[in-house]
Amino acid sequence: MERRDRILLIVIALLAILAVYVDLNIDHPAWLENLLVWQPEGARKIAIRYGLDLRGGLKVSLVADVPEGQQVDRVSMETARQIVENRVNGLGLAETIVQIQGGHRIIVELPGIDDPELAIEIIRGTAQLEFVDAGYVPLMKGTVVTTTLGGPRLSKSPVGATPVTPEATPTLSLGPATVVTETAPTTPTVPSNVYETILTGADLDQVGLDRDNLGYFIPFRLKAEAADKFAQYTASHVGQYLCIVLDKEVISCPQIQEAIPGGDGRITLGDATYQEARGLAIQLHYGALPVPLRVETATTVGPTLGEISVEKSIRAGIIGLSIVLLFMLVYYRILGGMADLALLLYAALNLALYKLVPVTLTLPGIAGFLLSAGMAVDANILVFERMKEELRAGRSLRAAMEVGFRRAWTSIRDSQVSILIACTVLYLFGTNFGASMVKGFAITLAIGTVINLFTAIAVTRTLLRVLFRLTGNWLQSRRWLLSV
Amino acid sequence: MFDLIEKRRWFFTISAILILLSVGMLVLTQVRFGMPLRLAVDFTGGSLFVLHFDGPATEPAIQAVFAANDLPETIIQRLGRPEDNTWQVRTREVTPEQVRAIFSDLAEQVAPVDRDLSTYESVSPIVGGEVTRAAGIALAVAAIIIVGFIWWSFRRVPHSVRYGASAVAAMFHALIIVIGFYALMGLLQGWEVDALFLTAVLTVTSFSVQDTIVMFDRIRENIFRYREEPLERIANRSILETIHRSLATQLNAMFVMIAIILFGGETIRPFIATMLTGMLVGTYSSFGVAVPLVVAWEQAIERRSRKAKVL
């Protein structure tokens, strides 16, 4: 055995072992999963990710509802995404996805949801801004509360309100001469679950952002009608907390410093960063979303339906690939046997990559993989047909094989290139308007095509070289084994 | 040697008939549905429900529930076997309130819907136009790249224009027949053109062009090897030499596709079936259209130059 072949054989064997190990449906050690540094921290795992069509759930695509041609700036889009994500988090689901796509679209994926209609209503609804009466107990930022105002209730089980630490307390006051009070409630108690709504976003007239030597503050002006109500309320509640709640989530909980007549007030933010202050100002200003969002598409898939699809695909895949393996063995005998080994390695490598990258598998994605496996033997067939011609022409086994691989190379290269071109077009098409089906197919087909170059050429050739060296003359005289 | 090229008139006749039938299907769809292909909600906007009932349902009963919820225009179809109790309903875009009302009304008046086995998709009509444009661009880009690829592959062959043009003609020939097949299935089974259909068409086009290129490759090689032979024989020889490879590859891909069609999920059946058809038609158009066209082209020019000499 030549040195190079021996090394290649060892590399192939190691790869095969590694791939099979990754493919195994076992709990892989945590340190190993943590080596996958390209996956987001905390979510590193060696597992197949199924798309919504296979696990069931809701997918909503929201688009910025602006006149044609008008651009949406990235900051507004990001703020909108953040708000949508907050709303989605309120649903208490695991593994949700909220991402911006193509500049003016937000894709929301909610696997395993019970009530998709409610979720759509919550996601698309205009966010509700409220000022709620929290009494003497400030609420921690991020607390989800129930208020006296109707409208979408985010969480089915409101989180018990948690009192905040005094340092973080912003204040609410009339004029510029605000003093941040350090007084905190002495005995924090868990307040009752329903808070009274004093004002809503609709009562706000103007909102700004400014800073002084104490940090950022948000000046605001109320509409005339609300101003009176606010004046009365603040006068009788000095020292208490008035929490700003967006979509039932507390975003800030200032303390009332003094009575605020005339409707002009400010929210002092203390040590908030510019980003935080600006974010809050935006949320107050727009009442909700910095850009209006419209539900563009909504798709729901029943979870059982997804399970059935996975089962059926696996069964179809095993049947289809078994026939391919059998066909190659019967048609090309010992050559086919080697191609079969390469094909099995091909399948193992693909699955391993899906787990490691990770690739989210959709139904068309599985079809793309199966199809690429069916096509994977194409390269081998090209080589074997050439080999047989050369053998008939009287060449020796080894010479025929080398010529076969060399001559077939251009055809193989061309066919792979054209498939990859098609995949690229499909991928771009799929990405640009959120057709994740198309994207899934393009990705698995492309990965398969590239892996195939390795298995069908390097692996099969090495296996054949080693085989021919070991069996040499014996095989040369038994041509039926080579199907010549 | 079995002579395929000699029978090219047969092939041309078969192809002409298939193309005519395909165009006929498109016309028929146009007459029945007002568009040459039935477009899915991805393109037109609207909603598509796949409802799995716990008991038997009827079309008028389902229709009545949708109409009562302000959705008078519906296209309702049964999916699978009658005992599956699965129905597909297409209508205009629905709101979550409507969906909720529809599901509760269906449970009362028809049969309870098993949400775990049902799906629905709702697309706003505005997005439809955008998707259609994106699809058009994707197809145009793909076509340009494929034609460019063909041109590049044949840049060194004598009369490369003939090969390129024949390959492109064969490609369109395959494309028309695949679209015709889909239109037929649209009429029979209610298949609708969605993003996956475009995917299938693009994939298959690149595969079938590949097939043509492999055959032309062999012709290029054989032209130099058998200099004394006429093109007709060389072409035939090349087809026979490469058809093994074509058929073996197709067979393997076909095994997988047929397995998916028979045992795989119903949702991707049209997708895979389109690819299977495309693959068959693609292979056929390689040896039945592309290569014979090149031969016919050469002979037509020869005949003309012979005539010129006689005169």
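## Close-up views of a predicted two-chain model

In this predicted model, chain B has an average pLDDT of 87, and 99% of its residues score at least 70. Within chain B, the highest mean pLDDT of any element, 94, belongs to helix α1 (residues 8-33), and the lowest, 78, to helix α5 (residues 125-153). The model as a whole scores ipTM 0.83 and pTM 0.76.

**View 1. Overall make-up of chain A.** Chain A contains eleven helices and 17 strands. Of its 484 residues, 54% count as buried. Among the contacts in chain A with a separation of 6 or more, 74% are between residues 24 or more positions apart. Over all chains, the structure holds 22 salt bridges; several of them are the subject of the views below.

View 2. A:E78 and A:R81 form a salt bridge in which the closest N and O atoms are 3.2 Å apart. Both residues belong to helix α4 (residues 74-89) of chain A, where they are three residues apart, about one turn of the helix. The two partners fall into separate accessibility classes: A:E78 has a relative accessibility of 34% and is therefore partly exposed, whereas A:R81, with a relative accessible area of 14%, is buried.

View 3. The side chains of A:R105 and A:E296 meet in a salt bridge, with an N to O distance of 2.7 Å. A:R105 lies in strand β4 (residues 105-111) and A:E296 in strand β16 (residues 293-301), so this pair ties together parts of chain A that are 191 residues apart in sequence. A:E296 has a relative accessible area of 2% and therefore counts as buried. A:R105 is likewise buried, its relative accessible area being 1%.

View 4. A:S61 is part of strand β2 (residues 57-64) of chain A. Its relative accessibility is 4%, which means that A:S61 is buried. Beyond its neighbours within four places in sequence, A:S61 contacts A:R105, A:I106 and A:I107, and also A:R294, A:V295, A:E296 and A:T297.

**View 5. A salt bridge between distant parts of chain B.** B:R90 and B:E192 form a salt bridge, their closest N and O atoms being 2.6 Å apart. The pair links distant parts of the chain, 102 residues apart: B:R90 lies in strand β3 (residues 86-91) of chain B, and B:E192 in the loop between α6 (160-189) and α7 (195-225) of chain B. With a relative accessible area of 12%, B:R90 is buried. B:E192 is also buried, at a relative accessible area of 10%.

**View 6. A salt-bridge network in chain A.** A:D5, A:E402, A:R465 and A:R469 are joined into one network by salt bridges that share partners.

**View 7. The interface of chain A and chain B.** The contact involves 66 residues from chain A and 62 residues from chain B. Between them the two chains bury about 5400 Å², of which 66% is on carbon and sulfur atoms. On the side of chain A, A:E117, A:L371 and A:F429 together supply 11% of the area buried against chain B, more than any other three residues.

View 8. Three salt bridges are found across the interface of chain A and chain B. In the pair formed by B:E221 and A:R386, the closest N and O atoms of the salt bridge are 3.1 Å apart.

View 9. Helix α8 of chain A makes the largest contribution, 16 residues. By class, the side of chain A that touches chain B comprises 40 nonpolar, eleven polar and 15 charged residues.

Terms used:
Residues numbered from 1 in each chain as written. Chains lettered and ligands numbered in written order. Predicted model: local features only at pLDDT ≥ 70, side-chain atom pairs only at ≥ 80, totals over all residues. Heavy atoms only, no water. pLDDT = per-residue confidence, 0-100. Helix = DSSP H or I, 4+ residues; strand = E, 2+ residues; numbered from the N terminus. Salt bridge = Lys/Arg side-chain N within 4 Å of Asp/Glu carboxyl O. Buried < 20%, exposed > 50% of the residue type's maximum accessible area, 1.4 Å probe, protein only. Contact = heavy atoms within 4.5 Å. Buried area = accessible area lost by both parts, 1.4 Å probe. Nonpolar A, V, L, I, M, F, W, Y, C, P; charged D, E, K, R; others polar.
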